[in-house]
Amino acid sequence: AAQALEDATVLAELLLASDALDQELWDAFHARRFDRAKTVVDASNQLAQWQLDHVQGDVPGLVHSVTAVLGQPA
């Protein structure tokens, strides 16, 4: 849900600053959002895999790496 709110905020910012709905706008949105969203998806998948495998993974380390990315402005 938080990622969707960030998406909406970034998209609104880009739309207000742009004169056209074009590939350039999409590229700018993608450049700002992809790595953040991928980080969240990858971390979620890792947590799920640890649970499925009954493995005690490095949850604090994973949370720290996600926080490092998400701690920066979108």
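Mentor: Radius of gyration here is taken over C-alpha atoms, and the globule rule is 2.2 Å times the number of residues to the power 0.38. By that rule a compact globule of 74 residues would come out near 11 Å, but the protein chain has 16 Å. Keep in mind that this is a predicted model: local features need pLDDT of at least 70, side-chain atom pairs count only at pLDDT 80 or more, and totals for chains, interfaces and linings use all residues. Residues are numbered from 1 along each chain as its sequence is written, and side-chain values use heavy atoms, with hydrogens and water left out.

Trainee: What box do the C-alpha atoms fill?
Mentor: Roughly 50 × 20 × 20 Å, along the principal axes.

Trainee: And how many helices and strands?
Mentor: Three helices and zero strands, counting DSSP runs (H or I, at least four residues, for helices; E, at least two, for strands) numbered from the N terminus.

Trainee: Switching topic, which residues form the aromatic pair?
Mentor: Tryptophan 26 and phenylalanine 29, tilted, 5.7 Å centre to centre with 35° between the planes. Ring centres of Phe, Tyr and Trp (its six-membered ring) must lie within 6.5 Å; planes under 30 degrees apart are stacked, over 60 edge-to-face, the rest tilted.

Trainee: Where do they sit in helix α2?
Mentor: They're three residues apart in α2 (residues 23-53), so about one helical turn separates them.

Trainee: Is phenylalanine 29 buried or exposed?
Mentor: Buried, at 12% relative accessibility, while tryptophan 26 is partly exposed at 45%. Buried means under 20% relative accessible area, exposed over 50%, partly exposed in between (1.4 Å probe, protein chains only).
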